[in-house]
Each structure stands twice: as C-alpha cells, then as structure tokens.
Amino acid sequence: MLNFLMDVLFPQQACCLCRKEGRYNTRHPWCEECYQSLMSRQGCLPVCDKCGKYLEKGEGLCVDCQQNPPLFFIGRAVGPYDEPYRIAVKVLKFLGRRHLAVKMGHMMAGVVKNEPRFWPIDLVIPVPVSWAHLQQRGFNQTEELARQLCKELNLKMDARILKRIKETPAQRELTREEREKNLLFAFSVKDKKKIYRKNILLVDDVYTTGSTVRECTRTLLEAGAARVSVVTWATGKGF
Ligand SMILES: [Zn+2]
Ligand SMILES: [Zn+2]
C-alpha cells in the first residue's frame, strides 16, 4: 500500500540503473535492457557448491571454502557483484531508494524458493548494519530485502534478535585477517530461546569475503541455532 502511494506521489521517470527515461515504479524499477542484463548474468558461470561464489570453470568448491570452510550450510546469490548488480546495491544503499528492495527481495525469494537445500526455514534474520550506517540512511537495507523475501515465501523475520554489539571501522581497505579480527564478537543473540534448534536464513546484500556472514553464523550456532544458510543479492568471484 505504501509502495503504491509512493508510486502515485513520486512517479519514477528514469531507470534506477542506467537513468534511461520512461515510466517506472516499485514493481518495474528498471528498463528492459537493464532487466535483460541482470537476467543474462544469472547462471553465467558455475558457482561454488558451498558459498555460491562464482567459479572460473568446473564445479566443486572455491579456493576460500577449500582452505577455510565456512560454518554456514549453504550460501547463494541472485547474481555476480559487478554491473548492474553492483549499481542496484549502491542505489539502494547510498541513494536510499528503499523501494528498490521490493524487486531485489523478490528476486532473492526466487533463489531461495528454487534451492531445496535451503528448506525448511524456521526464521529469517537480516544481517545488522552498523549504527553509523543506520543513522546516515535511516534504514537497514538487509532488513528491507528480508522483509520482502519473507512476504513472498511466507516466512517469519526477526530483525532484532541478532544485534551488533561492536562498531567496526570501514572494512573495505582491510585484509581478510584484519576484517575477521575486527568482526570477532561483533554480534550477539538477544534471546537464545527463539533460535534454539532453528534453521536460520541469514539475509545480506553482498557476499564478498564472507567475513560478516561467517561471524553472524558463528554467533548464531554458538547460541544454539541448528543450521544457518545465507542468501545475498550479489556475490563475488571465487577465483
Ligand atoms: Zn536501464
Ligand atoms: Zn566457496
């Protein structure tokens, strides 16, 4: 309803990805070319069986999962973290186009629906963003994505149960070891009873080094969760 009102009050006159002029709305935020571009990149390369990162060729596990196996059960994404998937994340996050999460969440729901290994799912948890980001943007993009996914797959979301208890400096410039050190004990589970023996689906926007979801997974399993799986909008290359 809110999205419908927003579309009426603020019609979008440019494609959110390439700025091509036209009539766009929450259900159709991008132009046909951008849509085709998004679709054509899905399944363009094989993926790591465990974390879902793209492999150059062949099958099996990426180098990362071979050397440092993640604790989560399975990770999958809609597409590779390059254009136009990267632009969509930037528009959602940095330009604050919250409505974009509707379509992105819809596509993530498709990925979850079609992968039997995700199921059954008891609870969906969005990865908590830092306080600084939340204050800057006023919303948590992972929560918006998770909300849409839950709506479509009829799942329950709890965006309060996993808390960020430690601020971490900007992670982009850091090495993997530094990131992991910073993230250690950065999260905490508020009510352990609610996740005890539950199959959890973690939702994040992008999977790159995987450090954040790895630490969230560790925290959830330690607090009693039975299994944690991960779905993201985009993922990196594992080669
Ligand atoms: Zn476009
Ligand atoms: Zn992998």
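I took as donors N, O and S atoms within 2.8 Å of the metal (3.2 Å for Na, K and Ca); water is not among the atoms, so sites may look incomplete. This is a predicted model, in which local features need pLDDT of at least 70 and side-chain atom pairs count only at pLDDT 80 or more, while totals for chains, interfaces and linings use all residues. Residues are numbered from 1 along each chain as its sequence is written, chains are lettered from A and ligands numbered from 1 in the order in which they are written, and side-chain values use heavy atoms, with hydrogens and water left out.

Cys51 and Cys62 both lie in the loop between α2 (32-41) and α3, so the pair ties together parts that are eleven residues apart in sequence. Helices here are DSSP runs (H or I, at least four residues), strands likewise (E, at least two), numbered from the N terminus. I found Cys51 and Cys62 buried, meaning under 20% relative accessible area, with exposed being over 50% and partly exposed in between (1.4 Å probe, protein chains only).

**Zinc ion (ligand 1)**

Which residues hold this ion? I found Cys15 (SG), Cys18 (SG), Cys31 (SG) and Cys34 (SG) as its protein donors, 2.3 Å from it. This site is tetrahedral, with angles of 104 to 117° among the four donor atoms, and the donor spacing in sequence is C-x2-C-x12-C-x2-C. Cys15 is buried at a relative accessible area of 0%, whereas Cys18 is partly exposed at 41%.

**Asp64**

I then went to helix α3 (residues 63-67), where Asp64 sits. Is Asp64 buried or exposed? It counts as buried, at 14% relative accessibility. Leaving aside neighbours within four places in sequence, I listed Lys53, Pro69, Arg176, Thr209 and Arg214 as the residues in contact with Asp64; contact means heavy atoms within 4.5 Å.

**Cavity and a cis proline**

My search of the whole structure gave one cavity of 30 Å³ or more. A cavity is a set of points on a 1 Å grid over the protein atoms alone where a 1.4 Å probe fits but cannot get out, and lining residues have an atom within 4 Å of a point. The largest cavity holds about 40 Å³ of space; grid points are joined across faces, edges and corners, and a volume is the space filled by probe spheres set on the points. Its lining includes Phe118, Pro120 and Arg227, and β7 (199-207) and β8 (227-235) each supply at least two lining residues.

I noted another cis bond, from Glu83 to Pro84, with omega near -5°. Asn154, not a glycine, has a positive phi of about 60° and is exposed at 72% relative accessibility. Arg197 also has a positive phi of about 60°, and it is exposed, with a relative accessible area of 62%. I flagged these since most residues other than glycine have a negative phi, and most peptide bonds are trans.

Notes. Tetrahedral: all angles 85-135°; square planar, octahedral: opposite > 155°, others 65-115°. 1 Å grid on protein atoms, 1.4 Å probe; cavity = no way out; pocket = protein on both sides within 12 Å on 5 of 7 lines; lining within 4 Å.
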